[in-house]
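I opened the notebook on a new model today.

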Amino acid sequence: MGGRNAVKAGAPLTPDSPVSALRGVGPALAERLERMGLHRVQDLLFHLPSRYQDRRHIHPMAGLRPGMEAAVEGEILDVEHLRGRREQWLVRLADGSGQMQLRLFHLHGAMRGQWQRGRRLWCFGELRTGFHGLEMVHPEWAMADTADFQAPQHLTPFYPSTEGITQLHWRRWIAQALPLADQLPDYLRGLLPPPLPSMGDGLRFLHQGEGDAPAPAHPARQRLALEELLAHHLAVRSAGAAEGGAAAPSLQGPGALWRQFLQQLPFAPTRAQERVISEIRGDLGRSRPMRRLLQGDVGSGKTLVAAAATLTALEAGYQAAFMAPTEILAEQLRDRFAQWFAPLGIGVGHLAGRNRSGERRGILRDLEEGRLAVVTGTQALFQEGVAFARLGLVIIDEQHRFGVEQRRQLQEKGSMPHLLVMTATPIPRTLAMTIHADLDLSVIDELPPGRTPVETVVMPDSRRAELVERMRDLVGAGRQIYWVCPLIEESEILQLRAAEESFAELSAALPNARVGLVHGRLKGAEKAAVMAAFQSGAMQVLVATTVIEVGVDVPNASLMVIEHAERLGLAQLHQLRGRVGRGAAKSTCILLYHPPLAGKARERLRVMRSSQDGFVIARKDMELRGPGEFLGTRQTGLAQLRVADLLRDEALLAGIPDLAERLLAQDPAAVEGLLHRWLGGRLGYGQVA
């Protein structure tokens with residue numbers, strides 16, 4: 001149990017004291033704590049237990065069983081010191097109801113002198129069967145007959161730790177820090193409804209616990225979770241406000257280009273697309289930079305919305321840059337925009353890492369001198385040496401693939417250009433309002449007419465021959481097929497069927513079909529030739545890695561086969577399935593798996609079979625993977641939440657924006673303290689406090 005903890009001599013301990021001011025924290029331990037992000041004493045207070053043990057109840061020895069964890073108290077009957085290759089002590093203990101044995105190691109100095117026949121001992125540990133009945137091996141212990149002994153009054157906490165820091169370390173340090181909890185500023189005092197406690201009461205409860213272990217929805221935990229979510233919201237919002245206060249070009253015009261564009265389209269925009277386009281055109285007409293997130297399920301028509309925004313920028317005399325996560329998607333966008341914009345006399349450039357030097361120099365010169373108004377590309381767009389004459393609009397597709405810093409680098413290519421980020425990985429509105437507080441939200445909640453639901457079939461690999469027969473029939477009927485593999489080459493470790501092997505197998509099994517292969521290692525020209533052949537219908541079967549996950553649009557393709565579907569995440573499976581069902585013909589997605597299926601893999605395939613709603617699938621994906629992995633770590637600091645959980649605490653999210661407004665109105669100075677407490681003043685966006 002240990003004695004009383006005292007602070008080091010010198011200045012009094014405060015919440016802002018360095019952790020090295022705590023008794024028992026030397027330079028080496030202080031360095032370990034700082035690597036965990038714990039720099040100040042108050043940081044320890046927000047380092048909460050991950051679990052608890054109840055050591056408050058003394059168990060009679062007669063009722064003990066192997067495998068139990070229990071606290072016992074009794075009289076020492078005998079102590080035997082065994083000297084051998086590993087020095088140890090065997091202690092016989094009795095409590096009147098029965099006896100048991102303790103086996104201890106590493107007793108040194110004065111510690112050995114405490115183990116005397118007739119003394120009373122308290123200990124806690126796991127019971128196992130030994131040579132002489134039940135025993136505990138190296139339990140936690142304390143002499144129960146000393147004046148300062150006190151049996152545990154609270155639950156015993158266990159803290160997330162690192163090498164070299166024991167649970168006893170944590171408990172001793174927290175015991176020194178906990179009396180300072182009431183000195184912490186309570187930034188939300190007067191803004192919170194009951195039963196949420198004060199900051200000090202909440203921290204004491206979570207570190208000590210009374211009654212049962214604090215449940216996830218306990219008011220003490222919710223109190224801290226609410227403040228942490230608020231801090232993240234304010235940080236992201238602060239970063240957005242810093243940009244939003246700058247002047248941006250007002251992209252206004254009569255809309256003649258857009259109307260001319262619509263006249264050549266063989267279809268009309270959906271009502272949802274028209275609503276979103278109106279929101280974006282309204283933003284672009286203002287003199288502050290647009291910062292808008294566009295969510296739309298697979299196939300909802302986000303590219304058409306991007307075209308409307310691009311034409312608005314061009315009509316106002318500005319350039320537009322469109323960044324995509326993969327070369328194939330960037331090339332697809334270039335081809336789509338070139339086809340759409342050619343009748344309007346608008347050229348589209350493509351900047352890729354594989355551009356030939358002469359071609360690249362020409363594109364860079366045309367961008368810098370303003371002769372090229374629209375450019376697509378990947379990360380190559382924000383590399384050094386890329387300059388624009390009048391960049392007015394940046395569009396980023398599948399924004400979760402890019403970090404905030406990458407977004408910023410591209411925006412810095414212009415004088416505070418407008419920003420539209422798009423994603424087909426939808427998340428609940430309340431969650432989006434918190435993690436993307438710097439972005440306004442638009443949602444395309446309607447699919448274009450003519451999209452047919454895709455039948456999803458889960459099939460074991462043992463039925464592969466049957467599947468190939470079905471493919472022969474489809475090819476004979478003039479349909480096209482995707483066959484997706486997760487690897488390029490055979491891997492002995494993962495034992496996955498590779499794209500190259502499947503390509504050879506299908507080429508032999510379908511002699512009357514032209515089979516193509518595309519993957520990320522192909523040269524740009526080779527990749528473009530294969531994709532062009534498939535899109536034109538000259539190729540019937542496309543074997544590919546997941547590089548075709550987004551952006552590829554071939555209406556005649558009616559079958560998607562995904563090998564080793566059990567290895568892929570829900571969002572990726574949903575994206576791949578969205579490559580079919582784009583025409584009038586009935587389409588099918590085959591999820592080919594290799595048994596046996598683990599629990600999460602089985603659940604992912606069940607969800608895919610039962611739902612085609614991107615929001616439902618995204619939510620389930622977040623539940624299975626956890627919010628941090630689902631959202632990624634580069635674009636949001638929420639992946640490193642210490643107390644809050646985005647799914648468990650979703651009910652808190654709806655009130656965060658209003659709480660932020662009230663805090664800013666009541667005590668703007670509290671915002672800096674809140675950010676410093678939870679984020680150290682930073683959230684991946686640069687300095688925000």
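I count a salt bridge when a side-chain nitrogen of Lys or Arg lies within 4 Å of a carboxyl oxygen of Asp or Glu. The model is a predicted one.

Entry 1: I looked up Arg677 and Glu227. They form a salt bridge, with the closest N and O atoms 2.6 Å apart. Arg677 belongs to helix 23 (residues 669–679) and Glu227 to helix 6, so this pair ties together parts 450 residues apart in sequence. I then checked burial, with the cut-off at under 20% relative accessible area. Arg677 has 3% relative accessibility, so I noted it as buried. Glu227 has 0%, so it is buried too.

**Entry 2: a second partner.** Glu227 also meets Arg223 in a salt bridge, at 3.1 Å from N to O. Both residues sit in helix 6 (residues 219–244), four residues apart, about one turn of the helix. I found Arg223 buried, as is Glu227.

**Entry 3: another pair.** Glu140 and Arg171 form a salt bridge, and their closest N and O atoms are 3.5 Å apart. The two are 31 residues apart, with Glu140 in strand 7 (residues 140–143) and Arg171 in helix 4 (residues 167–177). Is each one buried or partly exposed? Glu140, at 34% relative accessibility, is partly exposed. Arg171, at 16%, is buried. My search of the whole structure gave 36 salt bridges.

Entry 4: I traced an open sheet of six strands, in the order 16-21-20-17-19-18, with parallel pairing. Strand 16 (454–460) and strand 18 (515–518) are at the edges with a single partner strand each, so one side of each has no neighbour in the sheet. On average, neighbouring strands here are turned by 20° against each other, direction ignored. Strand 18 runs parallel to strand 19 (residues 541–544), and four bridges join them. Gly516 stands opposite Leu542 of strand 19.

**Entry 5: helices on the sheet.** Helix 16 (residues 524–536) lies across strand 17 (480–484), strand 18, strand 19 and strand 20 (557–562). Helix 16 runs at about 140° to strand 18. Helix 18 (residues 599–610) packs on the sheet as well, touching strand 16 and strand 21 (587–593). The direction of helix 18 makes about 150° with that of strand 16.

**Entry 6: the whole protein.** I logged 23 helices and 21 strands. Of the 689 residues, 54% are buried. The protein exposes about 30000 Å², and carbon and sulfur atoms supply 50% of that.

Methods. Residues numbered from 1 in each chain as written. Predicted model: local features only at pLDDT ≥ 70, side-chain atom pairs only at ≥ 80, totals over all residues. Heavy atoms only, no water. Pairing = 2+ DSSP bridges. Axes fitted to C-alpha atoms, helices over the stretch in contact; angles between N-to-C directions. Contact = heavy atoms within 4.5 Å. Buried < 20%, exposed > 50% of the residue type's maximum accessible area, 1.4 Å probe, protein only. Areas by Shrake-Rupley, 256 points an atom, 1.4 Å probe, with all protein chains shown as cover.
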